[in-house]
Amino acid sequence: MEQFVGGLKSAGFEGEVDASPQTLDFYSHDASLFELRPQLVVFPKNMSDLSRLVNAVNQNRDSIPNLNITARSAGTCMSGGAIGESIVVDFTKHLNQLEHIEDFRAQVQPGMLYREFEKATLARGLLLPTFPASRELASVGGMVANSAGGEKSLEYGKTARYVKRLDVVLADGRNYILKPLNRQELERKKNQRDFEGDIYRKLHELLETHYDAIKAAKPKVSKNSTGYNLWDVWDRTTGIFDLTQLFVGSQGTLGLIGDIHFRLIRDKPHSGVLTVFMKNIDQLGEIINTVLEDKPASFEAFDNHTLMLSMKFFPYFRKTLGWKGLIRLGFQLLPDALILLKGIPKMVLLIEFTGNTAEEVAQKVHAMRLKLEPFKLEAMEEDSTEAKAWKFRIMRRESFNLLRKKVKDKHTAPFIDDLVVPPPHLPEFLPKLRDIVKKYDLLATLAGHMGDGNFHVIPLMKIEDPAERAKLAPAMKEVNDLVLSYGGSLSGEHNDGMIRGPWLEAMYGKETVELFRHTKRIFDPNNIFNPHKKTDSSWEFSMSHIRQSF
Ligand SMILES: Cc1cc2nc3c(=O)[nH]c(=O)nc-3n(C[C@H](O)[C@H](O)[C@H](O)COP(=O)(O)OP(=O)(O)OC[C@H]3O[C@@H](n4cnc5c(N)ncnc54)[C@H](O)[C@@H]3O)c2cc1C
């Protein structure tokens, strides 16, 4: 690596490089089950540095075997996308600036944390409505590369919908602009006799030849982060060819993303939440379908294990909220203590409605309460403003992080953490899912985006114990088979990475996965971008890199 670093510096690389043991330790992990120790971490200062890095990798590939690049922004990936064994490139140290916001458009560098970005957009009354539950930790680059979604995705969709242009560095080391092209622009690109021309020619041919099969392969769910979004690239009817949609969700396997151009929205000014406490979840599936009839803005939930953890580790919330926020949370929860004293509910549902006036919102929330009364639920609480509803939202958003940080004897094992099943099937699906969780004796929390049928099942396991580890493959197979038997997706937002990449064939079949692999080869013929993820992953490799240190 010394020779590589020397070459990189003499090529004018302006950022820093670091191979100290502490740095390599830190970058060996993200929020997944896996551990990959890099040989070098680099901190580029600008797009030219990204080009210099890719050029240096291309020049040294023959002398340094398996030289490759893993992009990393805030490192909160749950599928192992942000770790690699060669060079990790950190975008958060320097490439973290907001360029500008104008007319519902923002241009921002990938390493900017979402929470900072949101401060700037809200100051102009605008919002990127696809923030994940990890909104306090994640960056906008990781949101794009994983195609993140969150509590507002039920109403506003996922990150892909808001990406209008991406400035990228591709495998030839050059900078390119990706944006929607019309037929004439596409033809001009295809006529170029260079790497970019090759990409447009080859990909257009692939998408034309397999047009119907690709459109049919699109998962029939409201959220999907698996595979490559080939179905959203080329539209024969409109004649639009849009590579941004392929890069969204590609986990850094096709190239490096620099500046991102987002479309923003003006959020509805008022919102309120009906909080529902359920002691018995037998009717959950039916309730979900009933709630969805009224098209709530968001519909989130978490279970009794999550609630208990939030209570047990209450002081933890000071980290995110500060002392003032913690005290406010405590006071707001006092009235709920009475309900909780009667027994911990099995599930808490948060059903949000938005509107242009406070009255409109209060009326919608109340109407939902009346509609749910026949279910004879434990308790319902009408919070006609976002401020009042905030207390349980915080628990929902922080649930996974709380598990990661606080439960010391066991570890979060995200391997069935992001399944999606079309909501009409949930009454049948959920009891079967519970049976599998019981069968493998998985102490799991369940939280998620009910409205999309997107559930985060997070078992707590002693993953260093071989007997526990041996449960991963069979439990995952049973859950995946069940999800797929209902036409679902294995990931709504956390992506494939090392954990679900090996199951892509089970979900899409060999032919579609071969189209994904072909796409990867078009962009990255020498596999220099994030190997062992998505279509390049294998169960053997992933399982031999289960995290050893916590
Ligand atoms: C507590 C917790 C809760 C979560 N809740 C949600 C949720 O509700 N919804 C959701 O969608 N996700 C959730 N996640 C997963 C994760 O936070 C999101 O996917 C987030 O968008 C990742 O952002 P990041 O900046 O941490 O990306 P990273 O982890 O750094 O990277 C994610 C992927 O993007 C690639 N990448 C990063 N930057 C670039 C770049 N500049 N160019 C090319 N590729 C790049 C990486 O290689 C990696 O494959 C959660 C995670 C945690 C820990």
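Which residues in α11 meet Met368, Lys371 and Leu372 in α14? In this predicted model, they are Ile287, Thr290, Val291 and Glu293. Sorted by class, the residues where α11 touches α14 come out as four nonpolar, one polar and two charged. Helix α11 covers residues 284–293 and helix α14 covers residues 358–372. The two pack at an angle of about 145 degrees, and their axes sit 11 Å apart. As for handedness, α11 goes past α14 in a right-handed crossing.

A second pairing brings together helix α8, made of residues 195–209, and helix α20, made of residues 510–523. Here the angle is about 170 degrees, with 9 Å between the axes. Angles over 145 degrees count as roughly antiparallel, so that is the label for α8 and α20. Their crossing is right-handed. On the α8 side, the contact is made by Phe195, Ile199, Lys202, Leu203 and Leu206, while α20 brings in Leu515, His518, Thr519, Ile522 and Phe523. Split by class, this contact of α8 with α20 holds seven nonpolar residues, two polar ones and one charged one.

Helix α8 has another partner too, helix α7, which spans residues 183–191. The axes of α7 and α8 come within 6 Å and cross at roughly 120 degrees. That angle makes α7 oblique to α8. The crossing of this pair is left-handed. Leu186, Lys189 and Lys190 are the α7 residues in the contact, and they are joined by Glu196, Gly197, Tyr200, Arg201 and His204 of α8. The class tally for α7 with α8 is two nonpolar, two polar and four charged residues.

How many cavities of 30 Å³ or more does the count come to? The answer is three. In the largest cavity there is about 50 Å³ of space. Part of its lining is a run of neighbours in the numbering, namely Asn224, Ser225, Thr226, Gly227, Tyr228 and Asn229. Leu246, Val248, Gly249 and Ser250 line the largest cavity as well, together with Ser147 and Lys534. What classes do the residues of this lining divide into? Eight of them are polar, three are nonpolar and one is charged. Since Lys counts as charged, Lys534 is the charged residue in the lining of the largest cavity.

Definitions and conventions: Residues numbered from 1 in each chain as written. Predicted model: local features only at pLDDT ≥ 70, side-chain atom pairs only at ≥ 80, totals over all residues. Heavy atoms only, no water. Axes fitted to C-alpha atoms, helices over the stretch in contact; angles between N-to-C directions. Helix = DSSP H or I, 4+ residues; strand = E, 2+ residues; numbered from the N terminus. Parallel < 35°, antiparallel > 145°, perpendicular 65-115°, else oblique. Left-handed = near helix turned anticlockwise from the far one by under 90°. Contact = heavy atoms within 4.5 Å. 1 Å grid on protein atoms, 1.4 Å probe; cavity = no way out; pocket = protein on both sides within 12 Å on 5 of 7 lines; lining within 4 Å. Points joined across faces, edges and corners; volume = space filled by probe spheres on them.
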